[in-house]
Amino acid sequence: MLILLPPSEGKADAPRRGTPLDLASLSVPALTDARRAVLDDLVKLATEPDKALATLGLTEGQVGEVERNARLETAPAVAAGKVYTGVLYDALGLATLDPAAKRRAAKQLLIFTGLWGVVGIGDRIPPYRCSIGVRLPETGTLTAHWKRALLAPLDELAGDGLVLDLRSSAYTSMWVPRNCVTVRVLHGGKVVSHFNKATKGRIVRALLTAGARPRNAVKLTETLRELGYRVEEPRSGQLDIHVEQL
């Protein structure tokens, strides 16, 4: 089972020293050329700070993000699982997983991003700023760019296995899996937003810790119930999970 995650706007700071990015070492190497196109475009854009701020939707006070993009090829890189921060990743707690669960995470988790397309949690990348909604000068709209590049490699990677899609809406059109389950989180019968991320992070942690590998939505529902979650019967590839406490 593959588990698809969104990135986070917040990124951890890179270490001051360390080995820089090696594009060829990233997961799904068939994406190297597509990644190179976006990387080159983003670094070039950073040489024009005002244009970069407008393109990336940033304010003047965020010019440091543009300066960081300018150094992407030389900055120290760190595992993606340490780069992305925020509610979902805090709840997932990759650093505190047991060794077996960490190995499963390395095989099963894919993080979707505007710059890299997808990365695994162990892929070493520098912190950056580039959301999927950006239209770069040469690459164009990133959603369209990655939709073309990701289709064949990810279809092959997923095969007939179940895909648990926990991405935010901005990233879902990058690749549409065949055998896919999405999740809604409800509290008091209403869909929640902020705590949706925390619940999804906890679900991923629970599945990895349990070593669960369900093959379809029904089996996933059964597994989550065994793990203590209140889950409705799947409908059209969607699971509704009810939480009592936020």
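This is a predicted model: local features need pLDDT of at least 70, side-chain atom pairs count only at pLDDT 80 or more; totals for chains, interfaces and linings use all residues.
**Entry 1: strand E3**

I began with strand E3, residues 109-113, and asked how many of its residues are buried. Five of the five are, so I note E3 as largely enclosed by the rest of the structure. I then looked at which way the side chains point, keeping in mind that in a regular strand they alternate between the two faces of the sheet.

Next I wanted to know which strands pair with E3. Strand E1, residues 2-5, pairs with E3 in the parallel sense over three bridges, and within that pairing I found Leu-5 standing opposite Ile-111. Strand E4, residues 117-119, also pairs with E3, but here the sense is antiparallel, again over three bridges. On this side I noted Val-118 of E4 as the bridge partner of Phe-112, and I followed the chain from E3 to E4 through a hairpin of three residues.

**Entry 2: helix H10**

I turned to helix H10, residues 217-226, and listed its buried residues as Ala-217, Leu-220, Thr-221, Thr-223 and Leu-224. Where do these buried residues fall when seen down the axis of H10? They lie within an arc of 165°, so they line one face of the helix.

After the helix comes Gly-228, for which I noted a positive phi, near 100°.

**Entry 3: strand E12**

Last I looked at strand E12, residues 238-242, which is mostly covered, since four of its five residues are buried. Strand E9, residues 180-187, runs parallel to E12 and is joined to it by five bridges, and I found Arg-184 standing opposite Asp-240 of E12. Strand E11, residues 230-231, runs antiparallel to E12 and is joined to it by two bridges, with Ile-241 in E12 as the bridge partner of Val-231. In the hairpin of E11 and E12, I counted six residues between the strands, and there Ser-236 takes a positive phi near 50°.

Key
Residues are numbered from 1 along each chain as its sequence is written. Side-chain values use heavy atoms; hydrogens and water are left out. Buried means under 20% relative accessible area, exposed over 50%, partly exposed in between (1.4 Å probe, protein chains only). Two strands pair if DSSP finds at least two bridges between them. The arc is that of the directions from the helix axis to the C-beta atoms.
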